[in-house]
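Please examine the sequence and the structure shown below.

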Amino acid sequence: MSQFKFSAGPWNVHEGGDAFGPTVRDSIPFEEKVKMFAKMGLSAVQFHDDDAVPDMNNMTLDEIKEAAKKVKALLDQYGLVAEFVAPRLWEDGRTHDGGFTSMSETDREFAKWRSERSIDIANELGCDKIVLWLAREGTLCYESKNPVQGVERLIEAINGMLAYDPAIKVLIESKPNEPIDRSYCPTLGHVMAVASKTNDPSRVGGLLESAHAILAGLDPANEMAFGLAFDKLWGVHLNDQNGMKYDQDKAFGAENLRQSFNQVKVLIENGYGKKGEYIGLDVKAMRTQKIEDCYRHLANSMKVVQLMEEKVAKFDYALQKKLVAERNYEALEMYVLELLLGSK
Ligand code: GLO
Ligand code: MG
């Protein structure tokens, strides 16, 4: 049994299409996924606004709320809750150049509209967290935007959301690149800085995804620690990533067990989860995977978290203290490796 509660999004069970080839698995209806999430022991579902209300651009506010209510009833039926809602600001024609930082005023208006509707949807789903994965907020062509104005526009957009709903919390999910080349919020440090400049910093925090830290050349556990030090790590997306290449969303621990151990360790040591935070899994099955095994990456990730929890419970803090006093870090490192390899 894990001490954590887990969440995942419907996009984590996907059809396997990539930039170079079509889908390889049939789509699974949303309700089927939710049912399976509950069966697997997940506690919450993460949503993009249009995962909850697919045709929202063509609906009135009342229609959007009505549709979201139905999704809430479905969650209730399976004993699940919504963790967050994220406005999808990267697919629509009006977000080609980013939403909040687009050079077009009409596009920025659309982004504002979508984020306010995301808040309405979150309220209907009974959650108070909005996640901003700023997919296209940055530049493909450096000279196309004024980078200072870009950051200011981002802060202005967040201020708008905070003013729209006095209870909502905004979590920025840092990512250095992909699909954008130069992102305005590449690391959790940037997220903390942006949060501090908003009108209500107490309601703006961060979500750290392991792969995004690795893409920035950083250690995910250290990025989490940075957010924890500010009391602003309000969400995580555990997964794994083989180096600084395209975003892979591999099962947690599949590439780097020591880094995975240290992520679980820093979360446990700092009481992550005690205020209701979830371990979000932002993992994708490999394209090779057949449909009958397309939830396996989620189950494997949960299992690795649990196995790492056991390793953390076994961690010999007295030995660590002694070896640190001796400055014998070779011995400490070897101890960690042996712990992970099962010989300690
Ligand atoms: C992509 C992101 C993405 C977000 C999701 C929620 O790189 O990790 O999956 O987490 O859209 O905002
Ligand atoms: Mg993510």
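Helices (H or I, at least four residues) and strands (E, at least two) are DSSP runs, and they are numbered from the N terminus. The model is a predicted one, in which local features need pLDDT of at least 70, side-chain atom pairs count only at pLDDT 80 or more, and totals for chains, interfaces and linings use all residues. Residues are numbered from 1 along each chain as its sequence is written, chains are lettered from A and ligands numbered from 1 in the order in which they are written, and side-chain values use heavy atoms, with hydrogens and water left out.

**The loop between β6 and β7**

E178 is placed in the loop between β6 and β7. P179 lies in this loop as well, with β6 covering 169–173 and β7 covering 182–183. The peptide bond from E178 to P179 is cis, with omega near 5°. E178 also has a positive phi, near 70°, although it is not a glycine. Most residues other than glycine have a negative phi, and most peptide bonds are trans. With a relative accessible area of 30%, E178 is partly exposed. Here buried means under 20% relative accessible area, exposed means over 50%, and partly exposed lies in between (1.4 Å probe, protein chains only).

**The loop between β9 and α9**

Q241 belongs to the loop between β9 (233–238) and α9 (257–269). Its relative accessible area is 4%, so Q241 is buried. Residues up to four places away in sequence aside, Q241 touches A211, I214, L215, Y246, D247, Q248, D249 and E255; contact means heavy atoms within 4.5 Å. The C-alpha atoms of Q241 and A213 are separated by 9.5 Å, while the two residues are 28 residues apart along the chain.

D249, one of the residues touched by Q241, is found in the loop between β9 and α9. D249 has a positive phi of about 50° although it is not a glycine. Because its relative accessibility is 6%, D249 counts as buried.

**The loop between β3 and α4**

D92 is located in the loop between β3 (81–86) and α4 (105–125). Its relative accessible area is 19%, and D92 is therefore buried. Not counting residues up to four places away in sequence, D92 touches N57 and F110.

**Polar contacts**

A polar contact is a pair of N or O atoms within 3.5 Å; within protein, one must be able to donate a hydrogen and the other to accept it, and residues adjacent in sequence count only if both atoms are side-chain atoms.

| Side chain | Backbone atom | Distance |
|---|---|---|
| Q241 | oxygen of Y246 | 2.9 Å |
| Q241 | nitrogen of Q248 | 2.8 Å |
| D92 | nitrogen of R94 | 2.8 Å |

Which residues come nearest to ligand 1? Of the 13 residues around ligand 1, they are H48, E173, K175, E209 and D282; a residue is near a molecule if one of its heavy atoms lies within 4 Å of it. A polar side-chain atom of K175 lies 2.9 Å from an oxygen atom of ligand 1, and a polar side-chain atom of H237 lies 3.2 Å from an oxygen atom of ligand 1. The protein covers 95% of the 320 Å² of accessible area that ligand 1 has on its own. Accessible areas come from the Shrake-Rupley method with a 1.4 Å probe, and for residues only the protein chains shown count as cover.
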